[in-house]
Amino acid sequence: MAWLCRPGWVLLLLAGLAGPAAAQERAPPPVVPQENYPNPFFPATTIPFTLNPELCERGHQPLVSMKIYNVLAQVVAVPILLNSNGERLDALRLRCGSYESYWDGRFLDRQREVTPGVYYAHLVVDGERYTLKMIARR
């Protein structure tokens with residue numbers, strides 16, 4: 001058992017024991033963006049996200065926007081919020097809960113379908129930005 005007395009091993013064991021306890025004490029994040037599905041997609045995809053209750057304390061309704069960017073950092077689309085009469089997810093006040101946005105795979109001009117490649121969904125909630133990588137493939 002002398003090998004357990006080495007300083008490196010003792011620190012490793014202590015770090016391993018302290019990790020899960022520290023993780024349990026953390027509060028859940030206020031916004032949870034989730035993986036789009038399907039991914040890779042073509043031509044359309046759904047992007048779920050959750051606004052946790054602590055974000056809506058004292059009746060606050062967060063300001064939420066989502067835009068889709070290409071690899072050149074150009075805005076190519078604004079998804080719609082599902083179950084909302086087709087509202088674009090652009091500066092909407094939302095209550096806390098789970099939502100899904102939907103991108104039909106068309107560019108802003110609505111004339112062309114997305115080309116295969118990498119795209120990024122940027123979810124902005126009260127100024128905080130969350131990014132999700134998506135792949136379009138035929």
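**Backbone geometry and ring contacts in the predicted model**

Pro43 is found in the loop between β1 and β2. The structure described here is a predicted model. A cis peptide bond joins Phe42 to Pro43, with omega about -5°. Pro40 is also placed in the loop between β1 and β2. Asn39 and Pro40 are likewise joined by a cis peptide bond, and here omega is about 5°. Most peptide bonds are trans.

Ala44 lies in this loop as well, which runs between β1 (31–33) and β2 (45–51). The relative accessible area of Ala44 is 18%. Buried means under 20%. Ala44 is therefore buried. Beyond its neighbours within four places in sequence, Ala44 contacts Pro38, Tyr102, Trp103, Asp104 and Gly105. Trp103 is 59 residues from Ala44 along the chain. Even so, the C-alpha atoms of Ala44 and Trp103 are separated by 5.6 Å.

Trp103 also takes part in ring pairing. Ring pairs link Trp103 with Phe41 and Tyr119 in a cluster. In total, the structure holds 3 aromatic pairs. One of them is formed by Phe49 and Tyr99. A pair of aromatic rings is described by the distance of the centres and the angle of the planes. For Phe49 and Tyr99, the centres are 5.7 Å apart and the planes are at 20°. Planes under 30 degrees apart count as stacked, and the pair of Phe49 and Tyr99 is stacked. Phe49 belongs to strand β2, and Tyr99 to strand β7 (residues 97–103). The pair therefore ties together parts that are 50 residues apart in sequence. Both Phe49 and Tyr99 are buried.

Two further residues stand out by their backbone angles. Most residues other than glycine have a negative phi. Ala91 is not a glycine, yet its phi is positive, at about 60°. Ala91 sits in the loop between β5 (80–81) and β6 (92–93). With a relative accessible area of 45%, Ala91 is partly exposed. Asp126 also has a positive phi, of about 50°, although it is not a glycine. Asp126 is located in the loop between β8 (117–125) and β9 (128–136). Its relative accessibility is 36%, so Asp126 counts as partly exposed. Partly exposed residues fall between the 20% limit for buried and the 50% limit for exposed.

How values were computed: Residues are numbered from 1 along each chain as its sequence is written. This is a predicted model: local features need pLDDT of at least 70, side-chain atom pairs count only at pLDDT 80 or more; totals for chains, interfaces and linings use all residues. Side-chain values use heavy atoms; hydrogens and water are left out. Helices (H or I, at least four residues) and strands (E, at least two) are DSSP runs, numbered from the N terminus. Buried means under 20% relative accessible area, exposed over 50%, partly exposed in between (1.4 Å probe, protein chains only). Contact means heavy atoms within 4.5 Å. Rings of Phe, Tyr and Trp (its six-membered ring) pair if their centres lie within 6.5 Å; planes under 30 degrees apart count as stacked, over 60 as edge-to-face and the rest as tilted.
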